[in-house]
Amino acid sequence: MSRAEDELRSIARSLLENRVVELVLGYERYGRSVRPCFVSKPEEAGRLVWSPECWFNLAKYLRSLRGRRVGVVAKGCDGRSIVELVNENQVDRGSIIVIAVECTGVNRPVKYGSTGAASIPAEYCGRCVSRVSPVADYLVKADVQGPPEESPGATVHASDWLSLFAKCLKCSACVKACPLCYCTECSIEGFKPDLVHRLRDSKELFTFHLTRALHMAGRCVECGACESACPVEIPLTRLYHELNEWFRENYSYVPGSRIGEAPPALVFKEDG
Amino acid sequence: MAWKPRVIVFTCWCSSSGVDQAGFEGFTYPPNVSTIRVPCSAIINPSLIVKAFEKGADAVLVTACRPSELRSVAPSRITEARVSLLRRLLKTIGVEEDRLRILWISSNEGGLFSREVSRILGEVERLGPLNIGGRMVEQG
Amino acid sequence: MRRVTVVLCTCCSTLLEKIDFDRLRSVFSSSPLVRRVLITDSLCEKNACENLGLKDDGRIVVAACSSRLLEAAFGKPSLVEFVNIREQCAWACGSREEATLKAIRLVKGGVQKALRVSQPPGVEGLKITREALVIGGGIAGVRCALDIADAGYRVYIVEKEPSIGGVMAQLDKTFPTLDCSICVEGPLLSEAGRNKNITIIPNAEVVEVKGRVGDFKVRVRVNPTYVDPDKCNGCGECVNVCPVYQPNKYDADLKPVKAIYCPFAQAVPLKYVINMDHCVECGLCMKACTRAAINLGDEPKNVELNVGAIVVAVGSDLFDPRLKPEYHYGEYENVITNMEFERIICASGPTGGVLLRRDGKPAKRVAFIQCVGSRESGPGIEECSYYCCAASMKEARLILEHDREARVFIFYNELRAFGKGWEDLLYRRCLEEGVVFIRSRPSEIRRIGNGSLQIVYEDTLTGRRGELEVDMVVLALGFKPSWRMVELARRLGVTVDKHGFIQEAHAKMKPLETRVRGVFVAGTCHGPRDIVESAVEGSGAAALVTSLFRRSSLRLPEAAEVSAEKCTGCGRCLSSCEYRAIVREGDKVRVLESVCNGCGACLATCPQEAITLGNWGLEQLAPQVSAMLED
């Protein structure tokens, strides 16, 4: 047990004891790994853990808990997601207590298990813009400082992408893991069969992934949850990062940095 | 039969008159260049352009009114921004970005449309067939 | 299974040699999606549609020439998909084989689209209330109201002051002809007061506007005047007994009036009003009034108007010269504004038209400083205020008319005499009469003994510094949009430009319309103008209003519509709309029908297409594109 975990548990316990929140969203141990958990009683605060296995983005749950007072454990990227959700009017900043934890990089699960390891350092952590959440009510500092471990992920060449997309199963795990994917009739999950049909059709994977990329462009905070959830390990974060670069270059806009910014929707610029 | 590029041209209402004029002046272009008219270029969803590529287009052109000619400036600007973003996406995934372009054509610029289409067809022929469908199937 | 009718037109048989129509007929007759295939010679002929039995045929694909002319022939144009097989097919293909293959592909696309289109809800035949509201009773508003009334329509003028007339009523003479201002305007005001189609609502302001073009619901608050206008006959007995004096706005606060007063002699309506800020409620006026017109318990009232069009003609304020401390306005009593000057030189003004300084001494040497609050990056506006060079030259001539011995100096930056008659009647005459023009923006005004002033300046043509002694300095003030007008703009939903003036929909194409359909603009609230331009805009706006009223019913261009079930309130569409036609409403967004211009930018921005516009969504276009690429 680490000092950071202790601090985290004590904050959660106190929030629940004093009824500041009804629930605390955090992580708990699950076999050799961790999974999200919802703690509603102060005595259960001991379930909460904090480790590099905590790759999942808990901000995903906030929208469905709208209207309730909740506390949420947030890494830097999770906090950026919260900022985006607030800016897109999906979450009320005043109803959530953000327990920011300083993150030094996470491990993502290995799907094919070829190396024998259960998880490896996530490649996207190397590009993280803010290790601590930009919005925070509490801050738990890291036990060990320092940059994330070097990831053994291979570089992705432009010509690799089509074959990466071809591996896709259209399982939508990426959509389910992403806090910013909340459309009730998601364009790529079959609600628009003329665009993307539910059954797997290899050709359509092109449209599936490009449409998702277009919808994430300028909004994605590169938390990597989609990539880590993907059963065939498509490095989605890398793709969305390229499109975010376009926003950085053309609009000086970085998603998730500041509450109150409007989502740039491929926009009319006042002086453009 | 030698391969000829399949091109989809999205024309806005006004630039469509320009394309009509090109036909009127006797400018011929290969039958694989098909036009779809929409009321305003801003209504073109970028996913629609993606779908065109998936279904076999080797190139997609969007003809629109120059921003300064419009009653208001923005719709063309938005189209410009969307096409620019989509070109970046195509480039990132290894598809030549010049397969997607905007042409500024006003309603009396049939001649300009003719010249531009000839030039672009030449370039696309050099790039070769895109064949997204084929490439996706063979990897998958 | 939805079935589509395919109509092929041979364009008077000219397309027969370019396209194999038999092949087209055979391909589409055998399609399960097509009900029947018709081939005709000229769809553009007058009754072609009826003759072919197509008027109510449901979904139709028309393969013919460029469709604009054909659309009108069909009863339900939204269920008809036009495919161009002439200009963009037959004429553009090298061979009959190529053209036929292309035509097949295009029509296949058309069929896919036609299967998925739907009739939009009726936006035709909206009612139009043929009454107009003009907000503001200055020259622009009055001109506009008179023109609308002359065309036979009812019009309301809502004016915040007790009388209509605006700034023009306060001026002495107008440029360039030096006609007496109120003499020109008075008859217009009287006519407006008498005209049976015009209802003037003075002492009033617009507080709320709802609705759309053709059917606006406007709430007007009428402020209490404490005098019943139906009973007051303008006899003025009350004024004699009133013990309280107050500053007179009409006289630029230079000469006081009683707390109960009539704005000016030519006021319309000619009624007395009480300014309760100064009234002591002594009740003497009540006793003096023979008609029991005075009611000190008067309260504000609301009036609800239902109008079809609104014209905003509320004018603008002038720059506050106290923002230029170097000119010491308010501190040095002989530094005055050009409005104050107009009142002083005017025969009906506080000095009876004698050119006196505030301290009572005659003004023999007068200097004008131009561009006070204009053409600068400071507290004023960047624009030129249009009227002030001409106004100062006019005022210079008036001074010399009153006193041939006077000396007049005009400190200018660029002298603008672009209007009709300005070059001759103003500039040339000024030169002839000995007005001295000095190209300079003076840096300071100093006070020297006995109230006189010294202007410190650098003549930018000679480069020499100088100090000029004068009796009086007149500051030519630039325009400044009034905060009240900006507030009104917000209530109406119209936009203002970067200075705060009301913004037109398009500077060249729609100069008098605003972004809200049915709301027009005229006069100085639109930007710096003179009287002529303001009147011109008033007439222009009136023409637009009457043209609107002449229609039998209104058809709004199709507006985008947001599905409340699908909308998640993410707000991405908000910044895609240049017209600002989408607004947040609770947790969702809504499109303002009267502002939407139907461009569809929002449609393509919404990630789940919760916004629809006609038949232009992915649902219709994606199958069309797919069909065109199938071979």
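These legends go with close-up views of cysteines and charged pairs in a predicted model. Local features need pLDDT of at least 70 and side-chain atom pairs pLDDT 80 or more, while totals for chains, interfaces and linings use all residues. Residues are numbered from 1 along each chain as written, chains are lettered from A in the order written, and side-chain values use heavy atoms, without hydrogens and water.

**View 1. Cys180(C) and Cys183(C) form a disulfide.** A disulfide is a pair of cysteine sulfur atoms within 2.5 Å; here the sulfurs are 2.2 Å apart. The structure holds one such link over all chains. The link is right-handed, with 75° about the S-S bond.

**View 2. Cys596(C) is a buried cysteine.** Its relative accessible area is 7% (buried means under 20%, exposed over 50%, partly exposed in between, with a 1.4 Å probe and protein chains only). The closest cysteine sulfur, in Cys602(C), is 6.3 Å away, so it is too far for a bond.

**View 3. Asp143(A) meets Arg3(A) in a salt bridge.** A salt bridge is a side-chain nitrogen of Lys or Arg within 4 Å of a carboxyl oxygen of Asp or Glu. The closest N and O atoms of this pair are 3.3 Å apart. Because Arg3(A) lies in helix 1 and Asp143(A) in the loop between strand 8 and helix 3 of chain A, the pair ties together parts that are 140 residues apart in sequence (helices are DSSP runs of H or I, at least four residues, and strands of E, at least two, numbered from the N terminus).

**View 4. Arg529(C) and Glu537(C) form a salt bridge.** Their closest N and O atoms are 3.0 Å apart, and both residues are buried.
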